[in-house]
Amino acid sequence: MLGKVFGGLEDYAPLLIRLALAAIFINAGLGKVFGVFGGPGLEKTAEYFGPPPAGKLDLPRPILMASLAGIGELGGGFLVGVGLITRYAAAPLCVIMLVALFAAHHGRVFADGMPAFTCLIMAGSLLLSGGGKGSLDRLLKIDERV
């Protein structure tokens with residue numbers, strides 16, 4: 001019964017994933033880079049990425065890592081949202097979420113890493129499927145070339 005109602009709409013599933021990921025990553029990127037929407041801003045994010053006692057993650061070159069994460073989230077979120085070079089935009093989002101999952105959440109998916117894990121799976125889905133209907137990839141016929 002539901003197949004008759006929703007049949008033929010499967011190509012629009014990536015659109016829903018794209019819009020959700022865009023909202024999440026644009027929000028996170030703006031917070032990391034510019035400190036909007038209650039985000040810490042670049043300086044505080046770099047401090048968090050740095051060594052203890054002030055930092056938590058002890059990543060090398062924390063200002064570079066914070067900049068890459070914030071710009072990657074912001075740019076990748078925008079590109080995924082509009083569906084432009086979706087597969088290429090989803091790949092760095094997967095990397096960012098893998099780093100978040102293992103550096104910030106220590107691989108504890110079910111303890112406190114579920115949001116990062118969910119975003120990883122969603123970005124991975126777009127990496128495999130592309131932007132789907134309603135994407136600029138389809139409109140510009142980029143999806144056939146990538």
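Predicted model: local features only at pLDDT ≥ 70, side-chain atom pairs only at ≥ 80, totals over all residues.
Close-up 1. Setting aside its neighbours within four places in sequence, D137 is in contact with G83, L84, I85, T86, G131, I142 and D143. The residue itself belongs to helix 7, which covers residues 136-139. With a relative accessibility of 1%, D137 counts as buried, because the cut-off for that label is under 20%. For a sense of scale, look back 21 residues along the chain to A116: its C-alpha atom and that of D137 are separated by 26 Å.

**Close-up 2. Helix 6 (residues 114-129) and what sits over it.** A116 turns up again here, as one of the buried residues of helix 6; the others are C119, L120, M122, A123, G124 and L126. The cover over these buried residues includes helix 2 (13-34), helix 4 (62-82) and helix 5 (86-104).

**Close-up 3. Helix 2 against helix 4.** Here the two axes come within 7 Å and cross at roughly 155°. That angle is over 145 degrees, so helix 2 and helix 4 are roughly antiparallel to each other. The crossing of helix 2 past helix 4 is left-handed. On the helix 2 side, the residues that meet helix 4 are R18, L19, L21, A22, F25, I26, A28, G29, L30, K32, V33 and F34. Facing them from helix 4 are A69, G70, I71, E73, L74, G77, F78, V80, G81 and V82. Sorted by type, the residues of this contact come to 15 nonpolar, four polar and three charged.

**Close-up 4. Helix 2 against helix 6.** This pair packs at an angle of about 135°, with the axes 10 Å apart. That makes helix 2 oblique to helix 6. As helix 2 passes helix 6, the crossing is left-handed. Helix 2 brings P14, I17, R18, A20, L21, I24 and F25 to this contact, and helix 6 answers with C119, M122, A123, S125, L126 and S129. The tally for the contact is ten nonpolar, two polar and one charged. Keep an eye on R18, L21 and F25 of helix 2, which meet helix 6 here and are also among the residues that meet helix 4. On the helix 6 side, C119, M122, A123 and L126 take part in the contact and are among the buried residues of that helix.

Technical notes
Residues numbered from 1 in each chain as written. Heavy atoms only, no water. Helix = DSSP H or I, 4+ residues; strand = E, 2+ residues; numbered from the N terminus. Buried < 20%, exposed > 50% of the residue type's maximum accessible area, 1.4 Å probe, protein only. Contact = heavy atoms within 4.5 Å. Expected span 1.5 Å × (residues − 1). Axes fitted to C-alpha atoms, helices over the stretch in contact; angles between N-to-C directions. Parallel < 35°, antiparallel > 145°, perpendicular 65-115°, else oblique. Left-handed = near helix turned anticlockwise from the far one by under 90°. Nonpolar A, V, L, I, M, F, W, Y, C, P; charged D, E, K, R; others polar.
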